Amino acid sequence: MNQEIAEPRTAEPASHFPHFSVLLSSTPRGARLARLLADAQFRSWGIPPDAARHIVAELAANAVTHGRVPGRDFRLTLYMVDGTLRIEVTDTRRERLPRLQQPAPGAESGRGLLLVDALADRWGVREDRFPRKTVWAELRCAPPEPAPTGPGPDGSFSQGT
């Protein structure tokens with residue numbers, strides 16, 4: 001009988017901030033999956049998903065539409081640091097940097113970055129090692145309000161949670 005002796009593994013240091021990252025196909029299905037996975041992650045972190053969901057949808061759609069290179073995927077990364085949610089979408093079309101512009105009247109597309117600009121507290125583009133670029137957006141997420149500790153409407157006192 002063969003026996004293997006495993007070396008004891010050292011524990012990985014615990015992450016000091018919540019994070020999530022996934023590689024997805026540069027297809028409409030990949031963009032849809034990015035939205036669904038991000039929505040589930042926001043809910044698990046207790047983040048109101050509305051604005052963040054729209055930002056992920058726009059950045060993923062842009063990666064699939066404008067950043068697509070056949071056979072190459074895009075990456076969605078989410079993380080929280082000090083109450084700020086950072087959303088990053090990395091694709092492989094560095095030569096096609098997004099820029100904010102007004103769409104032509106009556107145009108059916110071209111408003112995605114306007115939406116990101118309106119919803120995010122900050123956003124930008126980081127040029128990575130060739131051939132990648134990362135479009136990122138940040139949202140400040142307020143911590144939940146503590147329960148009141150004063151007298152209630154009936155005059156009784158309640159404990160904060």
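This section describes the sheet, the nonpolar core and selected residues of a predicted model.

The strands form an open sheet of 5 members in the order β1-β2-β3-β5-β4, with antiparallel pairing. The edge positions are taken by β1 and by β4 (122–127); each has a single partner strand, so one side of each is left without a neighbour in the sheet. From one strand to the next, the twist averages 15 degrees. Helix α1 packs on this sheet and touches β1, β2 and β3, with its direction at about 15 degrees to that of β2.

Strand β2 pairs with two strands in turn. With β1, the pairing is antiparallel and extends over 6 bridges; with β3, the pairing is likewise antiparallel and extends over 7 bridges. Strand β2 is mostly covered, with 6 of its 8 residues buried.

The hairpin of β2 and β3 has 2 residues between the strands, and within this hairpin Asp 82 takes a positive phi near 50 degrees. Most residues other than glycine have a negative phi. Asp 82 is not a glycine, yet its phi is positive. This residue is located in the loop between β2 and β3. Its relative accessibility is 78%, and because exposed residues are those over 50%, Asp 82 is classed as exposed.

The largest nonpolar core comprises 29 residues, among which Phe 42, Leu 59, Leu 76, Leu 85 and Ile 87 touch the most other members. Two or more residues of this core are supplied by each of the following elements: the helices α1 (28–45), α2 (49–65) and α3 (112–119), and the strands β1 (19–24), β2 (74–81), β3 (84–91) and β5 (133–140). Helix α2 provides the largest share, 7 residues. The surroundings of Phe 42 can be described in detail. Residues up to four places away in sequence being excluded, Phe 42 touches Ile 47, Pro 49, Ala 52, Arg 53, Val 56, Leu 78, Leu 85 and Ile 87. Two of these neighbours, Leu 85 and Ile 87, are themselves among the core residues that touch the most other members.

In helix α3, the buried residues are Gly 112, Leu 113 and Val 116. These residues cover an arc of only 90 degrees around the axis and therefore lie on the same side of α3. An α-helix has 3.6 residues a turn, so residues three or four places apart point the same way. The elements covering the buried residues of α3 include α2, β4 and β5.

The side chain of Arg 86 makes a polar contact of 2.8 Å with the side chain of Glu 88. A further polar contact, also listed at 2.8 Å, links the side chain of Arg 86 to that of Glu 138. Apart from residues up to four places away in sequence, Arg 86 touches Thr 77, Leu 78, Tyr 79, Arg 122, Arg 126, Trp 136, Ala 137 and Glu 138.

At 4% relative accessibility, Asp 91 is counted as buried. A polar atom of the Asp 91 side chain lies 2.9 Å from the backbone nitrogen of Arg 93. Neighbours within four places in sequence being set aside, Asp 91 is in contact with Ala 63, Gly 67, Phe 74, Pro 131, Arg 132 and Lys 133.

Conventions
Residues numbered from 1 in each chain as written. Predicted model: local features only at pLDDT ≥ 70, side-chain atom pairs only at ≥ 80, totals over all residues. Heavy atoms only, no water. Core = buried A, V, L, I, M, F, W, Y, C linked by side-chain atoms within 4.5 Å. Buried < 20%, exposed > 50% of the residue type's maximum accessible area, 1.4 Å probe, protein only. Helix = DSSP H or I, 4+ residues; strand = E, 2+ residues; numbered from the N terminus. Contact = heavy atoms within 4.5 Å. Pairing = 2+ DSSP bridges. Axes fitted to C-alpha atoms, helices over the stretch in contact; angles between N-to-C directions. Polar contact = N/O pair within 3.5 Å; in protein donor to acceptor, adjacent residues only side chain to side chain. Arc of directions from axis to C-beta.
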